[in-house]
Amino acid sequence: MIPGIRQSSEGKEWNQIPGVKGSRLAYKVFGRNPGRYRASSEALLRKVRRLDPLYRINIVVDVNNLISIQSGLSVGSYDLAFE
C-alpha cells in the first residue's frame, strides 16, 4: 500500500493532494504557517516520499498512521479510560 501511495503522490505539489490541501487551508485560516506547522498527515506523507521508516508505536497508532497517509487527513485515536 505505501509504495502505491508514494507513487500516486510523486511529482505533486502538497496543495494538489486533497487532504493535505484542506489541512493547509485550515492552518492558514487559523493564522498558522502550514510550511512551519505541518499536519501529521503531511509529515507522514513526507516520510513516505523520502522512503524514511515510519514510527512503530502500537497497532492502533500504526493503523491511524496508514489511514492518515492514505487519506491525506490527520487521524487520531484516544483512550477514553486513560486518566
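These are my notebook entries on a predicted model of a protein.

**Overall fold**

I began with the secondary structure. I counted four helices and zero strands in the protein. Reading along the sequence, I wrote the pattern down as α-α-α-α.

Next I looked up burial. The protein has 83 residues, and 28% of them count as buried. I also noted the accessible surface, which comes to about 6100 Å². Carbon and sulfur atoms hold 57% of that surface.

Then I turned to contacts along the chain. I took those between residues at least 6 apart in sequence. Of these contacts, 50% join residues at least 24 apart.

**Helix H4**

I picked helix H4, which covers residues 59-71. Helix H4 has 13 residues. From its first C-alpha to its last I read a reach of 18 Å. That is close to the 18 Å expected at 1.5 Å a residue.

Which residues of H4 are buried? I listed Asp62, Asn64, Asn65, Ser68 and Ile69. Seen down the axis of H4, these buried residues fall within an arc of 160°, so they line one face of the helix. I checked the other side of H4 too. There, Ile59 and Gln70 are exposed.

**Helix H3: valine 48**

I moved on to helix H3, residues 40-49, where valine 48 has its place. Is valine 48 buried or exposed? Its relative accessibility is 5%, and the cut-off for buried is under 20%. Valine 48 therefore counts as buried.

I then looked from valine 48 towards isoleucine 69. The two are 21 residues apart along the chain. Their C-alpha atoms are separated by 8.3 Å. Isoleucine 69 is one of the buried residues of H4.

**Helix H3: glutamate 42**

I found glutamate 42 in helix H3. At 1% relative accessibility, glutamate 42 counts as buried.

What does glutamate 42 touch, leaving out residues up to four places away in sequence? I noted Trp14, Val20, Arg24 and Pro34.

**Aromatic rings**

I searched for aromatic pairs and recorded zero in the structure. I did find charges over rings. The charged end of arginine 32 sits over the ring of tyrosine 37. I noted a distance of 5.2 Å from the centre of that ring.

Lysine 47 was my next entry. Lysine 47 lies over the face of tyrosine 55. Here the distance from the ring centre is 4.5 Å.

Notes
Residues are numbered from 1 along each chain as its sequence is written. This is a predicted model: local features need pLDDT of at least 70, side-chain atom pairs count only at pLDDT 80 or more; totals for chains, interfaces and linings use all residues. Side-chain values use heavy atoms; hydrogens and water are left out. Helices (H or I, at least four residues) and strands (E, at least two) are DSSP runs, numbered from the N terminus. Buried means under 20% relative accessible area, exposed over 50%, partly exposed in between (1.4 Å probe, protein chains only). Contact means heavy atoms within 4.5 Å. Accessible areas come from the Shrake-Rupley method with a 1.4 Å probe; for residues, only the protein chains shown count as cover. Rings of Phe, Tyr and Trp (its six-membered ring) pair if their centres lie within 6.5 Å; planes under 30 degrees apart count as stacked, over 60 as edge-to-face and the rest as tilted. A charge sits over a ring if NZ of Lys or CZ of Arg is within 6 Å of the ring centre and within 35 degrees of the ring normal. The expected span of a helix is 1.5 Å times one less than its number of residues. The arc is that of the directions from the helix axis to the C-beta atoms.
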